Amino acid sequence: MLFAENVTKTFGAVDILSGLTFIVGDGEHVGLVGPNGGGKSTILRLLAGDHKPDEGACGFRNGAIGYLRQEAGLNEDNTLLEELWLAFPEARAIELELEEVSSKIERGEGDLDELIHEQARLFDSFEDHDGYRIESRIGRVLDGLGFSPDDAKKLCGAFSGGWQMRIALAKVLVRRPENVLLDEPTNHLDTKTRAWLAEELGEWDCALLIVTHDGAFLDKVATRILDLRNKKVESYAGNYTKYQQQKADRLHAQDQAAARQEREFVKQERFIERFGAKATKAKAVQSREKALAKIERIDRTQKEPEVHFQLNATGRTERDVLMLKKVSHAFGDHVILVDVDMHVERGHKVALIGPNGSGKSTLLRICAGLMPPTDGVVEWAERARPGYYDQHQDEAMEAERTVLEEVRSVAGGATDVKIRTVLGQFLFRGDDVFKPIKVLSGGERSRVALAKFLIQPTNVLLLDEPTNHLDKTTRRKLIEALSGYEGTIICASHDPGIVEGVATHVYEVKDLSVRELISRRRELVEVE
């Protein structure tokens, strides 16, 4: 069971949560939704024990907890299999003891009878911890998440960021704890893997709380929705689609009630104004004044604040913006790209698609000059001014900087007034600009990254999965801005809004190579 009882949480002078109360019962699957920066990730951290509430109590009962954070947090020197065994510390400790006892028996060290007795005890203990089935459980989960059998021996550091997040998810799934917290679990998953995960969670008898903007996924998994607004949650029965309808009906009823109340107030105030000076009506006027004072006002619903921005290109590049000639790259013995040729012209909007780990992020980082290719040449136009958006915001930003300091770091000579104006367009207003990067949600970090784009002069955008972590409104606004951008775009994304609605050219990164595709009746086929 997951629970929060009158929880209040403050960061600096900013109240994040106030009087928060809810329960997720044993076996219940609940989605947690709300605007970016509203405190959803903070709630998960509080439940997991990463943070302590300023007031109230929260946490979990009846078993262990599994928590998928927005950062993978892996030991990059472990193999994939070694990393997943970390999800079973008790069984792993017993296995190591067994190896030590077996080694002593082979070497003839110590009392043989005692060693054999200890070995038998450890075998029983390993069985009690389900140790003999752990490898098969790991194999089943890895297969469901799209890993190949050969991946088990690869170092975690050799996987791309998206695959590292799959490893972190696998560590939660293989353990199957009684309480589970998932923060944006579908961000790095393709359609097939999302379907597998939904089925896996559906069969799992656990107290589950999921934070995601993926409404279709919540429709398959959630039986209740908690809507976080104004530092508290409102509970809605059913899946995400039912929640949307119930909320729309509730807001409509609230507006109607507010309108009726406003009409009644106007009626009573007119009576008071008309007869207030008449002695014969004094008692009636006073009675109505007292009645009005006791009525609790019904507020009209307010539209959620939205980001408002445009992406403007600074300066015009030459016609040939970027040339890749025989570009190859490898991490040690792990080859990613071989002899990649690509020609991007001014005004092209290029979408890079392909499986996770195929090399899309690596290709973008090479183009951005953040890593040199193992072989080949990258040639930029002289007047090109590229800006780079990293999907892994924790790696791309300084955790101790404030929001204002982070944007200022790329703002050139822009004044703080200009910077704060831009941040206001991304809903960072007042003291919000002094929040440290380390306390921001994934969605807020994405908005900071977008603000950095807006304020620095660019005419080429290099974007790595820019719609990850964004709520639906901000995603829509970004796609609109990309569509209207007059410069050049190279974007790694599977988002249909970008691939179908923004891209003028689509390249598939797969099997160490890059090939251009064309759209034919909504199907992408290779350019001949």
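Colleague: Which residue in E2 stands opposite threonine 10?
Modeller: Threonine 10 stands opposite aspartate 15 in E2. This is a predicted model, in which local features need pLDDT of at least 70 and side-chain atom pairs count only at pLDDT 80 or more, while totals for chains, interfaces and linings use all residues. Residues are numbered from 1 along each chain as its sequence is written, and side-chain values use heavy atoms, with hydrogens and water left out.

Colleague: Why are E1 and E2 said to pair?
Modeller: Two strands pair if DSSP finds at least two bridges between them. Strand E1 (residues 2-11) and E2 have 7 bridges, in the antiparallel sense, so they count as paired. A strand is a DSSP run of E with at least two residues, and a helix is a run of H or I with at least four, numbered from the N terminus.

Colleague: What makes E2 and E4 edge strands?
Modeller: The open sheet has the order E2-E1-E4, with antiparallel pairing. Strands E2 (14-24) and E4 (55-60) each pair on one side only.

Colleague: What lies across this sheet, and at what angle to E2?
Modeller: Helix H1 (residues 40-48) lies across E1, E2 and E4, at about 60 degrees to E2. Axes are lines fitted to C-alpha atoms, for helices over the stretch in contact (heavy atoms within 4.5 Å). Angles run from 0 to 180 degrees between N-to-C directions.

Colleague: How do you know that E10 pairs with E11 and with E13?
Modeller: Strands E10 (residues 320-331) and E11 (residues 334-345) are joined by 8 bridges, and E10 and E13 by 5. Both pairs therefore meet the rule of at least two. Aspartate 320 stands opposite glutamate 345 in E11, and the bridge partner of serine 328 in E13 is aspartate 375.

Colleague: Which residue in the hairpin of E10 and E11 takes a positive phi?
Modeller: Glycine 332 does, near 65 degrees; the hairpin has 2 residues between its strands.

Colleague: Why is a set of residues called a nonpolar core?
Modeller: Its members are buried Ala, Val, Leu, Ile, Met, Phe, Trp, Tyr and Cys residues joined through side-chain atoms within 4.5 Å. Buried means under 20% relative accessible area (1.4 Å probe, protein chains only), exposed over 50%, and partly exposed in between. The largest core here has 51 residues, of which Leu173, Leu182 and Leu201 touch the most other members. Helix H6 (residues 161-175) gives the largest share, 9 residues.

Colleague: What does leucine 201 touch?
Modeller: Leaving out residues up to four places away in sequence, leucine 201 touches His29, Leu173, Leu182, Leu208, Ile210, Phe217 and Val221.
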